[in-house]
Amino acid sequence: MNEIHMPLASRNRARRFPLATAVAVCAAFSVFQLDAGVGPMVMLAAQGSTAPSADVLEVLEVRPNFFMISGAGGNIGVQVGDDGVVVVDAGSAASAPAVVAAIKRITAKPIRYVIDTGPDADHVGGNDVLSKSGDTYFPGTRAAGARPDALRSAASILAAEGVLRHMTAAESAPAGSPGGLPTESFHYARKYLYLNGEAIEVLSQPAAHTDSDAFAFFRRSDVVVAGDVIDTRRFPVIDVERGGSIDGEIAALNRLGELAVPSVPIVSREAGTIVIPGHGRLCDQFDVIEYRDMVTIIRDRVRALIHAGRSLEQVKAANPTQGYAGRYGNDREWTTDKFVEAVYRSLGSGANSRNIDGK
Ligand SMILES: [Zn+2]
């Protein structure tokens, strides 16, 4: 179990909010778990490479028409309304049947869109199953998608162009889901939809976690599904091989901080824009800024060491994550050393150039 199962109690809000407020809001969230009937499917999920550690999915109602499903790989956002269901991120392939079951418990409406925030298997692995469990608005108009099963009605899969590119690259194709490729790719900064009574902006974040990340911003619900740009459990994964960079990561976090509005001037209220991270617990603007500051401080330390002529090994030995490694550096897959190396490599010879995030 990760900290997501105690979403607000663990948020260390004592500095900002009276504890009673945090407890009251925690109780206000409606949490329900899948019943035992879904157990076998979730057990199946445990066999996948990105399998959840929990044996249940957790469904959190973050707004009256908006839910977060966790425990199926990356966090999943679910918007529900008269038009049907818009799902942001599909979780891992192995968890997909359980995710479909969880969504059916929320609503009888069909999935209409799956939006991917990035190319990782724990976010796109469920594309195929979720899409096929759904239904497009426009049957018979899917020739452009050129999928082998194009005659079968399925939900559209929307992603930045690079997601399609990475998924079709042999080394990153999620096993067992060749049909889960995006049917609508975009290569510009902002793609928009208007569904279930609200504007949905899909905002490209070039060169952050990878070269093809996107935020999904639900403007009326005031929820941003942010993907792997923010991971409250650990340092952000900078996938340099797939076009990620530390400066692009900081630029993306700055943008996320600008999209989100905190509860001001009445700071005692548990209100404001909700940010669903790629992994970990729900965030507000304060959390995003805090995370951004942490990443920026470490970037600046590494850059200063590069300026001083230090090698990668010397940079690691200088402990540039000091003060943060205890909280963010304890992940087995994405170690502190790997993070520092990714920062070092993505700064590279560009360490003398100005910051692209303008800070
Ligand atoms: Zn992820």
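These notebook entries record what I looked up in a predicted model.

**Entry 1: the sheet.** I began with the strands and found five of them in an open sheet, ordered β9-β10-β11-β12-β13, with mixed pairing. I noted β9 (190-195) and β13 as the edge strands, each pairing on one side only. In β13, I identified I274 as the bridge partner of V223.

**Entry 2: helix α7.** I next followed the helix that packs on this sheet, α7, which touches β10, β11, β12 and β13. I recorded an angle of about 155° between its direction and that of β12. α7 covers residues 246-259 and reaches 20 Å from its first C-alpha to its last, close to the 20 Å expected.

Is α7 mostly covered or exposed? I found it mostly covered, with eleven of its 14 residues buried. Among the buried residues are I246, D247, E249, R255 and L256. I also noted that the buried residues of α7 pack against α8 (285-307) and α11 (336-347), as well as against strands of the sheet including β10 (198-205) and β11 (213-218).

**Entry 3: the nonpolar core.** I turned to the largest nonpolar core and found 89 residues in it. L256, A216, L130 and V343 are among those with the most contacts inside this core. Its largest share, seven residues, comes from α8. For L130 I looked up the contacts, leaving out residues up to four places away in sequence; they include V87, V99, I111 and A155.

Notes:
Residues are numbered from 1 along each chain as its sequence is written. This is a predicted model: local features need pLDDT of at least 70, side-chain atom pairs count only at pLDDT 80 or more; totals for chains, interfaces and linings use all residues. Helices (H or I, at least four residues) and strands (E, at least two) are DSSP runs, numbered from the N terminus. The expected span of a helix is 1.5 Å times one less than its number of residues. A residue is buried if 20 or more other C-beta atoms lie within 10 Å of its own, exposed if 12 or fewer, and partly exposed in between; C-beta atoms are placed from the backbone. Two residues are in contact if their C-beta atoms, placed from the backbone, lie within 7 Å. A nonpolar core is a set of buried Ala, Val, Leu, Ile, Met, Phe, Trp, Tyr and Cys residues joined through C-beta atoms within 7 Å. Two strands pair if DSSP finds at least two bridges between them. Axes are lines fitted to C-alpha atoms, for helices over the stretch in contact, and angles run from 0 to 180 degrees between N-to-C directions.
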